[in-house]
Every structure is written in structure tokens, then in C-alpha cells.
Amino acid sequence: MFELEGVAVSYDKVEALAPTDLVIAEGETLVLLGPSGSGKSTLLRCLIGLARYRGSLRFRGAPVSDWRALRPRLGYVIQEGGLFPHLTARGNVVLMAGELGWDRPRIDARLTELAELVDLAADQLDRFPGELSGGQRQRVAMMRALMLDPDVLLLDEPLSALDPITRVRLAGDLRDIFARLGKTVAMVTHALGEARFFGGTTALMRDGHIIQKGAIDDLVRDPADPFVAEFLAAEEAL
Ligand code: ADP
Ligand code: MG
């Protein structure tokens with residue numbers, strides 16, 4: 001789905017992402033794991049054309065020339081959910097579909113379908129983000145990301161700000177949704193438990209580099225570098 005060759009991002013003198021090669025296969029769930037500041041969000045932002053990168057990034061075999069045209073095929077949940085506070089949940093979810101000229105019946109049918117999928121009660125769609133719990137906000141953010149039925153889901157720490165019970169519940173629901181929809185998923189987290197829970201491939205990052213990529217159990221069993229062992233041990237310790 002994505003092929004990156006030497007993709008890199010610098011801000012002033014900070015190299016947020018060192019030249020990176022990465023292939024994300026169609027239907028794959030890729031977890032970007034690593035400590036704060038390791039470049040996870042920056043890499044995700046490259047995949048949706050929001051970071052100014054060098055190098056070559058191909059989507060379905062072709063270089064991306066027009067990110068605006070591609071964006072409806074990419075569902076994105078930014079860190080902290082990023083809902084517009086002045087719009088209701090419904091307003092947030094339907095924003096793009098409205099701009100694309102969907103008619104009311106189509107929008108309403110899709111809303112009903114998605115509320116069921118993410119297990120959000122219909123009456124909560126009339127609330128503003130500030131009137132929803134953290135878990136409900138993330139469910140709305142997922143609905144917004146899924147509204148246009150994208151090919152890819154890009155999720156930046158969708159579970160981080162939640163209490164443990166809400167987090168486990170939403171994690172289970174997300175895993176079911178990924179399996180049911182068969183989307184290509186790239187998900188950022190700093191939690192080893194989430195990498196293990198979602199399975200698939202994990203890319204462990206540090207200082208803008210992917211240090212090791214593979215099944216999480218293989219990283220635990222055979223760390224490529226002392227940092228990998230240290231990060232994984234620290235994550236197990238607490
Ligand atoms: P992570 O998501 O793993 O916590 P980020 O990708 O957000 O890490 O950041 C990687 C590095 O790039 C950090 O050192 C961060 O401070 C820097 N950085 C990220 N975004 C910007 C920006 N817009 N301007 C300047 N520096 C940035
Ligand atoms: Mg981040």
C-alpha cells in the first residue's frame with residue numbers, strides 16, 4: 001500500500017525522521033512503537049502528506065502527486081482525537097462528506113452504520129466533544145476517520161488518554177473493527193501491551209530511526225540492539 005524509500009523529515013536542525021525505508025502491505029496492521037519524541041507521529045504524518053518530507057513515498061505503486069485527492073482514501077485520527085470543539089459529534093463526523101456533496105439520506109445511513117460499528121449511542125451524536133467522555137470522543141474520532149470508507153486508517157495514539165477499563169474496551173472494539181473491515185492500518189503507540197494486543201508488525205523507533213521491525217514476540221525474543229531490549233524491559237516493568 002505504501003512504499004517509502006529514504007523518507008526523512010527535518011525541522012530546522014532537528015531530524016524528526018531520519019531517512020527511512022518502509023513497506024506497508026495492503027491489509028497489514030503496522031504498529032509504530034517507541035518513546036516520546038522518537039518520530040512516530042512524524043512518520044504517520046508523512047503517510048497522510050502532512051509532513052514535508054524528502055525521499056520517495058509511493059501509494060499503490062505510484063508517487064503521490066496530489067495529497068488532497070488522496071486524502072479521502074486515508075482515515076486519520078490525530079493524537080488527542082482532534083475533534084472540532086464547536087461542532088457536535090455529528091458535525092465532526094459528516095464534515096468531509098458534506099463538502100463532497102453527499103445527500104442527506106446517504107449521510108444519515110452512513111452515520112447509523114458507523115455508530116453501530118463503533119458502539120456509540122445515537123443520542124450522543126448531538127453532543128459537543130466537551131460533553132463526551134474520552135472514550136466516546138475517540139469513538140467519534142474513529143467514525144470521522146471511517147466516514148468516507150477509506151482504504152487506510154492512520155491512528156495516532158488512539159488509546160493513550162483513556163482510563164484502563166475504557167482503554168481495554170476500545171482496544172477490543174478497534175481490533176474487531178480492523179479485522180471486520182480488512183483495512184490497512186498504521187497505529188502509533190508508546191505502549192508495548194498495545195503492540196502485542198493488535199498483533200501484526202511492529203516497528204520500534206528511537207531518535208527518528210526504525211531500529212527493528214517484525215512481530216512483537218520476535219523483538220522481545222531477539223532484540224536487534226540494546227535499546228530494543230531496554231525499551232521492552234522498561235515497558236514490562238510497569
Ligand atoms: P513522537 O510522536 O514519537 O512522540 P514526534 O514525531 O512528534 O515524536 O517528534 C519527533 C521529533 O521531532 C521530536 O524531537 C519533536 O520535538 C520534533 N518535532 C515534531 N514536530 C515538530 C515541529 N512541527 N516543529 C519542530 N520540531 C518538531
Ligand atoms: Mg506523537
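Which element gives the most to the shell around ligand 1? I looked this up first. It is α1, with three residues. I took helices as DSSP runs of H or I with at least four residues, and strands as E runs of at least two, numbered from the N terminus.

**Ground rules.** I am working on a predicted model, where local features need pLDDT of at least 70, side-chain atom pairs count only at pLDDT 80 or more, and totals for chains, interfaces and linings use all residues. Residues are numbered from 1 along each chain as its sequence is written, chains are lettered from A and ligands numbered from 1 in the order in which they are written, and side-chain values use heavy atoms, with hydrogens and water left out.

**Ligand 1.** I listed the residues around ligand 1, counting a residue if one of its heavy atoms lies within 4 Å. They are Tyr-11, Ala-16, Pro-35, Ser-36, Gly-37, Ser-38, Gly-39, Lys-40, Ser-41 and Thr-42. The shell holds three nonpolar residues, six polar and one charged. In this scheme Ala, Val, Leu, Ile, Met, Phe, Trp, Tyr, Cys and Pro are nonpolar, Asp, Glu, Lys and Arg are charged, and the others, Gly among them, are polar.

Next I checked polar contacts (pairs of N or O atoms within 3.5 Å; within protein, one must be able to donate a hydrogen and the other to accept it, and residues adjacent in sequence count only if both atoms are side-chain atoms). The side chain of Lys-40 has an N or O atom 2.8 Å from an oxygen of ligand 1. For Ser-41, a polar side-chain atom also lies 2.8 Å from a ligand 1 oxygen. For Thr-42 the distance is 2.5 Å. Ligand 1 taken alone exposes 560 Å², and the protein buries 59% of that. Those areas are Shrake-Rupley values with a 1.4 Å probe; for residues, only the protein chains shown count as cover.

Gln-79 is partly exposed at 35% relative accessible area. My cut-offs are under 20% for buried, over 50% for exposed and partly exposed in between, with a 1.4 Å probe and protein chains only.

**Sheet.** I traced an open sheet of four strands, in the order β2-β1-β4-β5, with antiparallel pairing. β2 (14-24) and β5 (62-63) are the edges, each with a single partner strand, so one side of each has no neighbour in the sheet. Pairing requires at least two DSSP bridges between two strands. β1 (residues 2-11) and β4 (residues 54-59) pair over five bridges. Glu-5 stands opposite Ser-56 in β4.

I then looked at Thr-20 in strand β2. Thr-20 is buried at 4%. A polar atom of the Thr-20 side chain lies 2.6 Å from the backbone oxygen of Ala-18.

**Positive phi.** Most residues other than glycine have a negative phi. Arg-60 has a positive phi of about 50°. Arg-60 lies in the loop between β4 and β5. Buried or partly exposed? Arg-60 is partly exposed, at 41%. Glu-157 also has a positive phi of about 50°. Glu-157 lies in the loop between β7 (152-156) and α6 (164-181). Glu-157 is buried, at 8%.
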